[in-house]
Amino acid sequence: MKNKFPALLIILHLLLFADTAAIAFLLSRQDYSTGLAFTIPAFVLIITCIIVFAIYSGSSMRHFSKMNTHLESSAAEFMVSLPEPVAVIDSNKSIVWYNNIFSEKISLGQDAYGLSCEEFIKLDFSSMNSNGYATCSINGCIYNVSAEKFDKDEVSFLILYFQDNTNYYKLKKLSDDSHPNVVIITIDNYDDIMQNAKESEKAQASVETEKLIENFMSSTNGFIKKTSSNSFYAIIENRHIEEIVKEKFNILDAARNIKIAGNYQLTFSIGVGSGAATLAESEKIANQCLDMALGRGGDQAVVKTENGYRFFGGVSKGVEKRSLAKTRIIANALQDLVEKSNNVYIIGHRFGDLDSVGASCGIAGAVKMLGKNALIAVNRDKNLAVNLIEAVEEQADSQYFIPVSEAEDSISENDLLIIVDTHNKDFLESFRLYERAGSVVVIDHHRKNVNFIDDAVIFHHEPYASSASEMVSELIQYLRFDKDEHFPSFLANALLAGIMLDTKNFIMRTGVRTFEAAAYLKKLGADTVTVKGLFSSSIESYRRRSQIVASAKIHRKCAIAAADFKSDDLRLIAPQAADELLNITDVDASFVLYKTGSTVNISARSLGAMNVQIVMEQLGGGGHQTMAATQIDNVSVQEAVKSLILAIDDFRNNN
């Protein structure tokens with residue numbers, strides 16, 4: 001009721017003003033009798049206003065009296081003398097009381113009684129944490145604000161306590177900024193690049209490299225130590241790491257300007273051990289980040305964050321490693337592991353292709369030649385290489401393929417699981433099979449992503465290889481078989497098919513080792529004509545592929561095509577259409593979108609002028625610099641196209 005009194009007073013005053021004006025008008029016309037009649041209501045209105053004002057004042061006084069009573073019971077006198085600001089607000093967030101220090105530091109001497117606390121404090125009370133306080137900045141100071149609520153009789157108010165933590169946050173920022181981090185810098189494939197260089201060229205490259213790193217460190221107060229011919233360890237404070245991140249590790253671009261023997265570009269891989277409590281932990285994180293950078297092809301910096309990893313660089317092509325020493329060591333370790341296992345199960349990625357199935361067949365054949373049972377778990381209903389599976393089954397004299405469900409039920413802790421052509425847990429043909437296996441081996445060539453398999457006994461990861469089939473072909477050469485046994489030619493065909501698929505018939509991602517692997521398979525009896533037959537398709541598939549190509553539109557040198565029809569072979573013809581779109585003049589990359597169920601799939605291809613892996617990673621996918629893909633759930637094809645265009649624009653604007 002008390003809130004209605006001010007409005008009632010205003011109405012009474014208006015009526016009194018109108019009545020007084022009428023009296024004045026009548027008296028001016030000397031109409032005294034009528035004027036007297038208006039004078040009586042005027043007196044009544046005056047008396048009424050006085051009574052209402054008295055009642056309102058009494059109500060207000062009672063309100064503040066009750067407030068003072070509560071404040072006295074809450075030790076108001078003590079709060080006045082507190083060295084920290086204190087204020088009391090009512091249910092409408094109006095300030096009804098505050099102490100002297102509040103006036104000095106918060107309201108800055110302004111009379112704050114009756115004003116909204118939001119004029120001085122930008123605070124969302126619902127944001128208070130579990131400790132019952134929220135942090136806000138007021139007049140250049142940082143306060144932790146806590147609130148204590150009182151409800152009694154007709155009075156409800158909050159007491160706000162302000163704790164000045166400005167000095168604490170300044171010290172915390174100073175401590176955070178000066179926290180040291182380990183940074184590891186390596187020169188990619190240093191030994192392979194240097195082996196054919198002259199001594200003078202090596203010396204010149206070494207001087208240029210060390211000068212570049214010294215310039216990089218000159219903007220910091222850290223230090224760096226050369227630990228080997230191609231590795232450097234640095235200690236850099238957080239404040240400088242933040243600046244380096246803002247500049248997107250421009251040392252990567254500067255490194256590419258250094259050329260050895262006039263031909264080979266120098267590239268760096270950098271791991272940053274940020275967010276660690278100790279230097280030992282920082283070194284561990286830095287090594288993890290460096291492994292991630294190298295696993296993605298090098299020429300990039302990786303920083304670990306709370307939400308995963310941040311990647312910088314990665315715009316150049318990976319340099320092929322020519323030494324097979326690592327492959328020989330892996331082959332020996334793999335053979336020992338196979339011989340200790342009861343059975344060997346092999347899986348690839350979901351919607352397996354010729355490379356996934358071909359590599360699986362190669363490993364299965366090698367395991368069988370070592371005297372162990374090997375079975376490939378496949379889902380035929382969701383496989384793009386069914387023709388290869390059928391061709392192997394026609395020529396094999398033993399079982400190679402079993403359904404995924406059967407493998408899941410039969411695998412035990414004494415069995416070995418070999419995963420080929422993927423290292424991502426989300427892309428496995430069967431995650432349950434991976435969980436139930438006693439030991440796991442990974443053989444993959446895709447650039448490393450965040451959700452990689454981290455508990456493998458052997459993690460054979462070679463991002464410079466053209467395909468998983470190439471890696472398996474190299475491993476087979478170093479396995480110790482019985483001399484009287486010969487590797488089956490139909491399995492050599494399967495491996496060659498995988499290599500030809502991922503290299504687009506030896507055009508893309510093809511190195512010296514690729515041709516060496518193909519030559520070895522040819523020696524084992526692989527037939528190129530038979531392999532070519534595995535790539536054949538029907539006239540209907542060719543027409544659908546041409547329809548996709550014809551619908552393409554160009555955006556910033558990227559061909560984008562969307563399949564607006566449904567077909568059982570969309571997963572097969574969409575990548576083929578993406579390959580064909582690269583034949584268009586001035587097209588750096590191609591993207592083909594198609595929908596399966598509620599998921600939009602995107603196949604991305606390039607010839608190296610554009611890193612499609614980075615574009616696909618922005619949309620939740622991944623792959624290689626020249627070949628990548630992603631899947632987007634619960635969106636339309638048109639929405640996916642818009643997201644893709646934004647990702648392309650972001651890549652173009654930042655590279």
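**Close-up views of a predicted model**

**Figure 1. Confidence along the chain of the predicted model.** In this predicted model, residues 1-5 have a pLDDT that stays under 50, and the model gives them 6 contacts beyond four places in sequence. The pLDDT is also below 50 over residues 56-66, a stretch with 8 contacts in the model beyond near neighbours in sequence. For the chain as a whole the mean pLDDT is 83, with 84% of the residues reaching 70 or more.

**Figure 2. The chain as a whole.** The secondary structure comes to 23 helices and 25 strands, and buried residues account for 47% of the 655 residues. Of the contacts between residues at least 6 apart in sequence, 62% join residues at least 24 apart. The accessible surface amounts to about 32200 Å², and carbon and sulfur atoms contribute 52% of it.

**Figure 3. Salt bridge between lysine 105 and aspartate 164.** In this pair, one of 22 salt bridges in the model, the closest N and O atoms of lysine 105 and aspartate 164 are 3.8 Å apart. Lysine 105 belongs to helix H4 (residues 100-105) and aspartate 164 to strand S5 (residues 155-164), so that the bridge links distant parts of the chain, 59 residues apart. Lysine 105 is partly exposed at 29% relative accessibility, and aspartate 164 is partly exposed at 24%.

**Figure 4. Salt bridge between arginine 256 and aspartate 299.** The closest N and O atoms of arginine 256 and aspartate 299 lie 3.0 Å apart. Because arginine 256 lies in helix H9 (residues 251-256) and aspartate 299 in the loop between helix H10 (279-295) and strand S12 (300-305), the pair ties together parts that are 43 residues apart in sequence. Arginine 256 counts as buried at 11% relative accessibility, and aspartate 299 counts as buried at 1%.

Figure 5. Among the 11 aromatic pairs in the whole structure is that of phenylalanine 431 and tyrosine 434, whose ring centres are 5.4 Å apart and whose planes stand at 55 degrees, so the pair is tilted. Both residues lie in helix H15 (residues 431-436), 3 residues apart, which is about one turn of the helix. Phenylalanine 431 is partly exposed, with a relative accessible area of 37%, whereas tyrosine 434 counts as buried at 7% relative accessibility. Phenylalanine 506 and phenylalanine 515 form a stacked pair, with 5.5 Å from centre to centre and 20 degrees between the planes; phenylalanine 506 is partly exposed at 25% relative accessibility, and phenylalanine 515 is partly exposed at 47%. Elsewhere, Tyr98, Phe102, Tyr113, Tyr143 and Phe162 make up one aromatic cluster.

**Figure 6. Charged side chains over aromatic rings.** The charged end of lysine 368 sits over the ring of tyrosine 400, at 4.9 Å from the centre of that ring. Arginine 571 lies over the face of phenylalanine 351, with 3.4 Å to the ring centre.

Note on methods
Residues are numbered from 1 along each chain as its sequence is written. This is a predicted model: local features need pLDDT of at least 70, side-chain atom pairs count only at pLDDT 80 or more; totals for chains, interfaces and linings use all residues. Side-chain values use heavy atoms; hydrogens and water are left out. pLDDT is the predictor's confidence in each residue, from 0 to 100. Contact means heavy atoms within 4.5 Å. A salt bridge is a side-chain nitrogen of Lys or Arg within 4 Å of a carboxyl oxygen of Asp or Glu. Helices (H or I, at least four residues) and strands (E, at least two) are DSSP runs, numbered from the N terminus. Buried means under 20% relative accessible area, exposed over 50%, partly exposed in between (1.4 Å probe, protein chains only). Accessible areas come from the Shrake-Rupley method with a 1.4 Å probe; for residues, only the protein chains shown count as cover. Rings of Phe, Tyr and Trp (its six-membered ring) pair if their centres lie within 6.5 Å; planes under 30 degrees apart count as stacked, over 60 as edge-to-face and the rest as tilted. A charge sits over a ring if NZ of Lys or CZ of Arg is within 6 Å of the ring centre and within 35 degrees of the ring normal.
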